Amino acid sequence: METTTPEAAKPLRERTRLGEWIADPAANALYRGDETVRVEPRSMDVLMTLAARAHTVVSREELFAAA
C-alpha cells in the first residue's frame, strides 16, 4: 500500500476543472455555465483531495486528514 506525506494529502486550493464543472474551493461552489452548486466545506475538501490525487487510491485516513 502506498503511503503519502501529509503534504500529498492536502486538497487543492485553487480553482480546478472537473469534467464540465469548475470547482472553486474558496467559494465552496461548483460552476457549470450559469449553474452554481454550493458545497459544504468538508465535502469540498474531500472533492479537492480526490482531484489532487486523480487516478490513485486515497485511503479513508488521508481523506479524514484533509477534511
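Four strands form an open sheet in the order E1-E2-E3-E4, with antiparallel pairing. Strands here are DSSP runs of E, at least two residues long, and helices are runs of H or I, at least four residues long, numbered from the N terminus. Two strands pair if DSSP finds at least two bridges between them. The edges are strand E1 (16-18) and strand E4 (35-38), and each pairs on one side only. Neighbouring strands are turned by 25 degrees against each other on average, direction ignored. Axes are lines fitted to C-alpha atoms, for helices over the stretch in contact, and angles run from 0 to 180 degrees between N-to-C directions.

This is a predicted model: local features need pLDDT of at least 70, side-chain atom pairs count only at pLDDT 80 or more, and totals for chains, interfaces and linings use all residues. Residues are numbered from 1 along each chain as its sequence is written, and side-chain values use heavy atoms, with hydrogens and water left out.

Now walk across the sheet. E1 and strand E2 (residues 21-24) pair antiparallel over three bridges. Arg17 stands opposite Ile22 in E2. Three bridges also join E2 to strand E3 (residues 29-32), again antiparallel. There, Ala23 has Leu30 in E3 as its bridge partner. The hairpin of E2 and E3 has four residues between the strands, and Asn28 takes a positive phi near 50 degrees.

E3 and E4 pair antiparallel over four bridges. Ala29 has Arg38 in E4 as its bridge partner. This hairpin has two residues between the strands, and Gly33 takes a positive phi near 60 degrees.

Val37 lies in strand E4. Its relative accessibility is 30%, so Val37 counts as partly exposed (buried is under 20% relative accessible area, exposed over 50%, partly exposed in between, with a 1.4 Å probe and protein chains only). Leaving aside neighbours within four places in sequence, Val37 is in contact (heavy atoms within 4.5 Å) with Trp21, Asn28, Ala29 and Leu30. Trp21 is 16 residues from Val37 in sequence and 9.9 Å away in space, C-alpha to C-alpha.

Helix H2 (residues 41-52) has twelve residues. From first C-alpha to last, H2 reaches 16 Å, close to the 16 Å expected at 1.5 Å a residue (the expected span is 1.5 Å times one less than the number of residues). Its buried residues are Met44, Asp45, Met48 and Thr49. They cover an arc of only 135 degrees around the axis, so they lie on the same side of H2. The arc is that of the directions from the helix axis to the C-beta atoms.
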